[in-house]
Amino acid sequence: METSPLLLVFDLLGVFFFALSGNLLAARKDIDITGGLVLGLLAGLGGGIIRDALLGVTPLALAQPVYLVPPVAAAVVVYLIGSHIHRVQTLIVALDAAGLGLFCTFGTARALDHGMPVASALLLGVVTAVGGGLMRDVVANEIPAVFSGSNLYVVPAATGAALTAVAVGTDTWGPVTATVLPCLVFAFRMVAWSRQWSVPAPVRSWTVRDLDVLRRRDRSVFGRPRREQGFDDDEDRGPGDEVDPGGSRGFRPDRRR
């Protein structure tokens, strides 16, 4: 399974999606292209490196230089067409969800291929899916999607990992299953984000005064979609903030430094 062309293609696709989300997050925060490349590398390769280190094998990202191509390509794509993207928040979440679906399934499959017990393979599948995004968000000073507390993130990844383990255990793992399962995880994650499905709070009936105000003040890009707040998808505007009369959104124009 490890040398399967399907595994390689889907793994590289997941790296590309996560790297795109990292570069878009960098552009959203007005970080230059070098910082965007770093965030893309962390998002796209971080989870796989953690997984392979725990498996005790040379990380694929280091053993096969082809894994460095998707992050570089993602940085170039965002640099060239980023100014034409107007729904940055939604696109970041969608790309992150696509990478989540691909990594949780193929991370689990790779762990099982190395003889790990099912429980350990599930854990490594989830780590593969959320590890890179967690590193990206921490470095970008963003509330990680895993800890946003506003919608499901780990649950879709764990669901995809569990379904992958069932498919491998029942000998139904193949090209069709490997394509369908990431799509299911992607749909689960996007619906959960859009409808704000969430798990219970860590303490029952836990309340903090003005908690909603604090959350709005320090909002994660993975939080509640802006349309429900009366904001644009990509901007948090306060009472005194200016509104572009031309209605332009997305990235700021290029500026000479």
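The following questions and answers concern a predicted model of one protein chain.

Student: What pattern does the chain follow when read along the sequence?
Tutor: The predicted chain has 9 helices and 0 strands. Along the sequence, the pattern is therefore written with helix symbols, a helix being a DSSP run of at least four residues. That pattern is α-α-α-α-α-α-α-α-α.

Student: What share of the contacts with a separation of 6 or more comes from residues 24 or more positions apart?
Tutor: The chain has 257 residues, of which 44% count as buried. Among its contacts with a separation of 6 or more, the share from residues 24 or more positions apart is 79%.

Student: Are H2 and H5 roughly parallel or oblique to each other?
Tutor: H2 covers residues 33-55 and H5 covers residues 88-113; their axes come within 11 Å and cross at roughly 20°. The crossing is right-handed. Angles under 35 degrees count as roughly parallel. H2 and H5 are therefore roughly parallel.

Student: How many charged residues are in the contact of H2 with H5?
Tutor: On the H2 side the contact is made by Gly-44, Arg-51, Asp-52 and Leu-55, and on the H5 side by Phe-103, Gly-107, Arg-110 and Ala-111. By class, this contact of H2 with H5 has 3 nonpolar and 2 polar residues, and the number of charged residues is 3.

Student: How many nonpolar residues does the contact of H2 with H4 have?
Tutor: H2 brings Ile-33, Leu-37, Gly-40, Leu-41 and Leu-45 to meet Pro-71, Val-72, Ala-75 and Tyr-79 of H4. The contact of H2 with H4 has no charged residues and 1 polar residue, while the number of nonpolar residues is 8.

Student: Which residues have the most contacts inside the largest nonpolar core?
Tutor: The largest nonpolar core has 19 residues. The elements that give two or more residues to this core are H1 (5-28), H2, H3 (60-63), H5, H6 (118-139) and H7 (154-169). Leaving aside neighbours within four places in sequence, Val-130 is in contact with Leu-100, Val-146 and Tyr-153. The residues with the most contacts inside the core are Tyr-67, Leu-100, Ala-129, Val-130 and Tyr-153.

Student: Which residues does Ser-21 touch, not counting residues up to four places away in sequence?
Tutor: Ser-21 lies in helix H1. Its relative accessibility is 0%, so Ser-21 counts as buried. Beyond its sequence neighbours, Ser-21 touches Ile-92, Leu-95, Asp-96 and Arg-136.

Student: Is Asp-30 buried or partly exposed?
Tutor: Asp-30 lies in the loop between H1 and H2. Although not a glycine, Asp-30 has a positive phi of about 60°, whereas most residues other than glycine have a negative phi. Buried means under 20% relative accessible area. At 31% relative accessibility, Asp-30 therefore counts as partly exposed.

Student: Is Gln-196 buried or exposed?
Tutor: Gln-196 also has a positive phi of about 60° without being a glycine. Gln-196 is located in the loop between H8 (175-195) and H9 (211-217). With a relative accessibility of 12%, Gln-196 counts as buried.

Student: How many Å apart in space are Trp-193 and Thr-90, C-alpha to C-alpha?
Tutor: Trp-193 is found in helix H8, and at 2% relative accessibility Trp-193 counts as buried. In sequence, Trp-193 and Thr-90 are 103 residues apart. In space, C-alpha to C-alpha, the distance between Trp-193 and Thr-90 is 9.8 Å.

Terms used: Residues are numbered from 1 along each chain as its sequence is written. This is a predicted model: local features need pLDDT of at least 70, side-chain atom pairs count only at pLDDT 80 or more; totals for chains, interfaces and linings use all residues. Side-chain values use heavy atoms; hydrogens and water are left out. Axes are lines fitted to C-alpha atoms, for helices over the stretch in contact, and angles run from 0 to 180 degrees between N-to-C directions. Angles under 35 degrees count as roughly parallel, over 145 as roughly antiparallel, 65 to 115 as roughly perpendicular and the rest as oblique. A crossing is left-handed if the near helix is turned anticlockwise from the far one by less than a right angle, and right-handed if clockwise. Contact means heavy atoms within 4.5 Å. Ala, Val, Leu, Ile, Met, Phe, Trp, Tyr, Cys and Pro count as nonpolar, Asp, Glu, Lys and Arg as charged, and the others, Gly among them, as polar. A nonpolar core is a set of buried Ala, Val, Leu, Ile, Met, Phe, Trp, Tyr and Cys residues joined through side-chain atoms within 4.5 Å. Buried means under 20% relative accessible area, exposed over 50%, partly exposed in between (1.4 Å probe, protein chains only).
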